[in-house]
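The following exercises concern one protein model. Each task is followed by a solution in steps.

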Amino acid sequence: MNRELQYKMEQVRELLPSRFPLHAPLALVHSFGCQQNVADGEKLKGLLAGMGFGFTEDTANADLILYNTCAVREHAEDRVFGNVGALKKKKEQNPSVILGVCGCMVQQPQVAEKMKKSYPYVDLIFGTHVAHQLPDMLLSLLQEGRRTLNLDDSDNTIHEELPVRREAGAKAYLPIMVGCNNFCSYCIVPYVRGRERSRRPQDVLEEAKRLIDEGYKEITLLGQNVNSYGRGLSEKCDFPSLLEQLADLPGDFLLRFMTSHPKDASRRLIDVMAGSEKIERHLHLPVQSGNDRVLAAMNRHYTIGQYRDLVGYAKKTIPDLTLSTDIITGFPGETYEEFLDTLHLVEEVGYDMVYSFIYSRRSGTKAAEMDDPVPYETKVVWQRQLLKAVRDISERNNRARVGRTFRILVEGAGRTPGTLSGRTSGGIVAQGPGTEDSIGQFKQFKAEGATSWCLTGTIE
Ligand code: SAH
Ligand code: SF4
Ligand code: F3S
């Protein structure tokens, strides 16, 4: 860790007892949204731990509450406003409590202003580029009682020096890049996360080695579009090469990755996956729509023909591959016939998992300016039709897995008492009777039954 950061963290540590004289303060950090945000939350926790905070999940016990927010859909933002509103009472009862809202949602200036105005009891409001300045913000607050509103987005460096506090367990997130350059017309992410930047391969490899040494069994590589990893780095390294080098590291572990933009997913990526048992048998390939006109309006830069070719190659090369996707229903101007193209594609590909979202207007994006004549209620009906088809397909796929044996990583308790839940290398949920000492370990699993969302069977 660099000296300056360490010094500031020490200063905060020394000042904390003046605000919390009776006990060591506890922090609650809640990350909404995607895994990248969860990974950012782990850095914020690393900083807080270094400054002397303990942690709690319980709002009532927390001395510092930090909401790390998501802006991807309106619903995500509404939840945060609701949660922050509910903290007013707590601050009135105990003014020494420190409240903060950070992340993607408040990186939008109009949202940050609204937050500042409507919730004057929030002490810290800061965006996605300045999380490393948390010690400075706490110092201003503790020394001068100064609130922070910091949306500065000029710092594009990846701060390798930040400590990370991961959740205990067998699974770790490993961000390999941040930001996004794709500007899909519906999406706010490029505006709130800034331009794409990749970590150096040696930094990623070092961190992965440490995680394996610490006993993590599953490492998920994160980026908004992992397939564009390496662009702009001085050393030449693309995503398939990085994945290959990571899979060559010694140890018993599994590599997952998300997300793959179809426009950049290459046959070489599939070949590298096929070449190593340490790489998951799962490809998340968000298609968004099954219609070329809609895809062009979304600015996705691929056609359904190209997408089909890639999926065909992947299925042929990795026969037990699990495929999943994201779909937006009711993009501005989408007709029912165009929606049906999506439905047909879903049936043709036979995805095991589909994450479906009703289009949400994000101000500042291109799509926000487009005509959107279809009423929300109709979009809900379309989505229901899609979800019904998806359930039938997943159940059919899972039934075909009955009788086979899989290696699973046991993750925790299952739905019914006395059972455990894990995942196959393809990401399929597998549940069966077992005892807690198997949690965090690879086990053999024999599939004996199937539903649309899981396999049931025996863990050996
Ligand atoms: N970078 C990833 C996706 C990040 S956002 C990728 O390109 O695959 C996760 C998903 O949220 C997207 O795939 C999309 O399906 C959905 N999404 C993004 N913006 C949306 C919006 N405005 N309305 C509805 N869904 C949206
Ligand atoms: Fe959003 Fe598209 Fe970037 Fe994904 S690739 S984060 S959907 S702009
Ligand atoms: Fe992720 Fe939401 Fe931000 S999906 S990148 S937390 S807008």
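This is a predicted model: local features need pLDDT of at least 70, side-chain atom pairs count only at pLDDT 80 or more; totals for chains, interfaces and linings use all residues.

**Exercise 1.** Determine which handedness the β-α-β unit made by E13, helix H13 and E14 has.

*Solution.* E13, helix H13 (residues 336-349) and E14 make a right-handed β-α-β unit; right-handed means that, with the strands pointing away from the viewer, the path from the first strand over the helix to the second runs clockwise. Helices (H or I, at least four residues) and strands (E, at least two) are DSSP runs, numbered from the N terminus. Next, consider the pairing, for which DSSP must find at least two bridges between two strands. Strands E13 (residues 322-329) and E14 (residues 353-358) run parallel and are joined by six bridges.

Residues are numbered from 1 along each chain as its sequence is written, chains are lettered from A and ligands numbered from 1 in the order in which they are written, and side-chain values use heavy atoms, leaving out hydrogens and water.

**Exercise 2.** State where Thr-69 is placed and whether Thr-69 is buried or exposed.

*Solution.* Thr-69 belongs to strand E3 (residues 64-69). Its relative accessible area is 0%, so Thr-69 is buried (under 20% relative accessible area; exposed is over 50%, partly exposed in between, with a 1.4 Å probe and protein chains only). Residues in contact with Thr-69 (heavy atoms within 4.5 Å), leaving aside neighbours within four places in sequence, include Phe-32, Asn-37 and Met-105.
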